[in-house]
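Open the model in your viewer and keep the selection panel at hand. The tour moves from one stop to the next.

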Amino acid sequence: MDLAYLLLLQRLREAAGWLLNPAMELISELAASSLTIAVAAFVFWAVDRRFGSFLMLNYVGSSLLVQVFKLTACVYRPWVRDPRIQPITNAIDTATGYSFPSGHTQSAAAIYGSVGLWYGKKRRWLAVLMAVMILLTGFSRNYLGVHTPQDVLVSLALTCGYLWLNSKILARLERQPSFDLKVAAVGTVLALAAVLWFECKSYPMDYVNGVLLVDPEIMKEDGFMAAGMVFGFFPGWLIERRWLQFSTDHRSAGQFILAALALLPMLLIYKLLPLALTGIMGPLWAAFVSCALLAFYVTALVPALICKLQRKAR
């Protein structure tokens, strides 16, 4: 039934020609590009510290949650399961990892859902818009032929459940600030446990004409990246909460400039550090270490520089 639905969308896509493809590709990638992560970091540093922290907490945690499900279920992509399905070529390039659940849908639900939860109570139109963007992103993954409906629906359920849990955690942190140590400890331990699971579990090894159909080592990379993000995020998050506590209430031009300049090292860590470390520790651990350093840079190192700037301005 799921593949039949994708074949139906494929016929509709062929009938429409190229007309909707660019729009669907844009919607699909809006919440899942590296630019989105940079925007989230800039918001945290220079626009709204509390919302930025909430946004990143939702994003990194739900990313790891979905990757755990992906690498546990090991469901092949639709075109691997049925050669009749012919996805958009550009969409295949960004469809990394196993198919179930959808990582792009998770990104959209985490980012747009965070905006809707944080700002939507006073701006109902914004909450509606964010909900529409989440649904459009999920549909775009089906339309482009890279995910089944189950991939999208389960990803939505997991991410929305995670956002609900985080809202409860943040409510408790408001009442009991010292609870942050337990949150950080659990998050860090779960990141390590996920990596251990990724390394120790078995994976399907199906061959076609003597060629491995899907290489698990390639599939595991997104999981190691997500675990690294969580592993670096929670210590930095704890340090910022307890000892830094920079402010975005009275922003200066200097803070905006510092935040903008801090994006360049962030890009270098994200793009170049894995390449430098791969020869030393292999691609998976290079991805883990690079993402851990990236998350710590965003949550602790740049905030420390902002604190220093704000102390000088007093």
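Start with the largest pocket, which has a volume of about 960 Å³. A pocket here is an open set of points on a 1 Å grid over the protein atoms alone, where a 1.4 Å probe fits, with protein on both sides within 12 Å along at least five of seven lines; lining residues have an atom within 4 Å of a point. Grid points are joined across faces, edges and corners, and the volume is the space filled by probe spheres set on the points. Select A32, T96, D222, M225 and Y270: of the 38 lining residues, these are the closest to the pocket centre. Helix 3, helix 4, helix 6 (89-94), helix 7, helix 11 (216-219), helix 12, helix 13 and helix 14 each supply at least two lining residues. Helices are DSSP runs of H or I, at least four residues, numbered from the N terminus.

This is a predicted model: local features need pLDDT of at least 70, side-chain atom pairs count only at pLDDT 80 or more, and totals for chains, interfaces and linings use all residues. Residues are numbered from 1 along each chain as its sequence is written, and side-chain values use heavy atoms, with hydrogens and water left out.

Next, select helix 3, residues 34-47. Its end C-alpha atoms are 19 Å apart, which agrees with the 20 Å that its 14 residues should span at 1.5 Å a residue; the expected span is 1.5 Å times one less than the number of residues. Colour its buried residues: T36, A38, A40, A41, V43, F44, W45 and A46. Buried means under 20% relative accessible area, exposed over 50%, partly exposed in between (1.4 Å probe, protein chains only). Among the elements that cover them are helix 2 (21-30) and helix 4 (49-73).

Now the rings. The whole structure holds 14 aromatic pairs. Rings of Phe, Tyr and Trp (its six-membered ring) pair if their centres lie within 6.5 Å; planes under 30 degrees apart are stacked, over 60 edge-to-face, the rest tilted. Select F51 and W118, a tilted pair at 5.9 Å and 50°. F51 is in helix 4 and W118 in helix 7, 67 residues apart. F51 is buried at 5% relative accessibility; W118 is partly exposed at 27%.

Move to F198 and F224, whose centres are 6.2 Å apart with planes at 45°, so this pair is tilted.

Last stop: K201, whose charged end sits over the ring of Y203, 3.9 Å from its centre. The test puts NZ of Lys or CZ of Arg within 6 Å of the ring centre and within 35 degrees of the ring normal.

Key
Contact means heavy atoms within 4.5 Å.
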